[in-house]
Amino acid sequence: AYVLAAFCLLLGVALGYLFRGSASPAGAQASAANAAAGQGSGVHQQPQPDANAQAALAQAAAPLLDAVNKDPKDYDSLVKLGDLFYDGKQFPNAIEYYQRALAIHPENPDVRTDMGTAYWYNGDADKAVAELQTSLKYRPGHPQTLFNLGWVRWQGKTDPKGAVEAWEQLLKANPDYPQRQQVEQYIAKAKEHAARG
């Protein structure tokens, strides 16, 4: 039980650290906490932001919203709004702005991966997988997309074989992947899961 608990904690920290395609350090830390809290459930329960956090988010979003109101095709502001709402755990809003950004530049794998993970955190593993697969059509070896596809397949779709496939593709396409050893450990654990049936 202790080994399983330690593995789940390690898994949660790594998942949060690596999950977002274009994460800022603050976003990665928030994702790590969320991943550890929701590990293994398939749907991540998000704590409701307090009033101060909501006020800070509204203040940070205001100039970006002004920019988008003046120019609805302001790609950079749309992406920043998506990132801001993602980091603020307001995933439906994040998805909205990522969709608008991707209508302008559908080929951006970082934005599409972020939108896929926002769907995951919002409880929709099917849409997350669809977005991650679309990302791979534009950039087949994109490491963050492949890493996330493995997690969503394993944790959201209970498909450890699909997770192994994504992670093996990740390591093949990116032989110098910085977290290679961790991914190899996850592959081994997913194979054990698959063997148990």
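1. pLDDT is the predictor's confidence in each residue, from 0 to 100. This is a predicted model, and the mean pLDDT of its chain is 82. A value of 70 or more is reached by 75% of the residues.

2. Two stretches call for caution. Over residues 1-18 pLDDT stays under 50, and the model has 35 contacts beyond four places in sequence for them. Residues 23-45 also stay under 50, with 39 contacts beyond four places in sequence.

3. Helix 6 covers residues 109-121. At 1.5 Å a residue, its 13 residues should span 18 Å, and the end C-alpha atoms are 18 Å apart, so expectation and model agree.

4. Among the buried residues are Arg112, Asp114, Met115, Tyr119, Trp120 and Tyr121.

5. The two ends of helix 6 each have a local feature to check. At its start, a side-chain oxygen of Asn108 comes to within 2.9 Å of the backbone nitrogen of Asp110. Just after the helix, Gly123 has a positive phi of about 95°.

6. Asn174 lies in the loop between helix 9 (160-173) and helix 10 (180-196).

7. The side chain of Asn174 reaches the backbone oxygen of Gly141 at 2.9 Å. Leaving aside neighbours within four places in sequence, Asn174 is in contact with Gly141, Pro143 and Arg180.

Technical notes. Residues numbered from 1 in each chain as written. Predicted model: local features only at pLDDT ≥ 70, side-chain atom pairs only at ≥ 80, totals over all residues. Heavy atoms only, no water. Contact = heavy atoms within 4.5 Å. Helix = DSSP H or I, 4+ residues; strand = E, 2+ residues; numbered from the N terminus. Expected span 1.5 Å × (residues − 1). Buried < 20%, exposed > 50% of the residue type's maximum accessible area, 1.4 Å probe, protein only. Polar contact = N/O pair within 3.5 Å; in protein donor to acceptor, adjacent residues only side chain to side chain.
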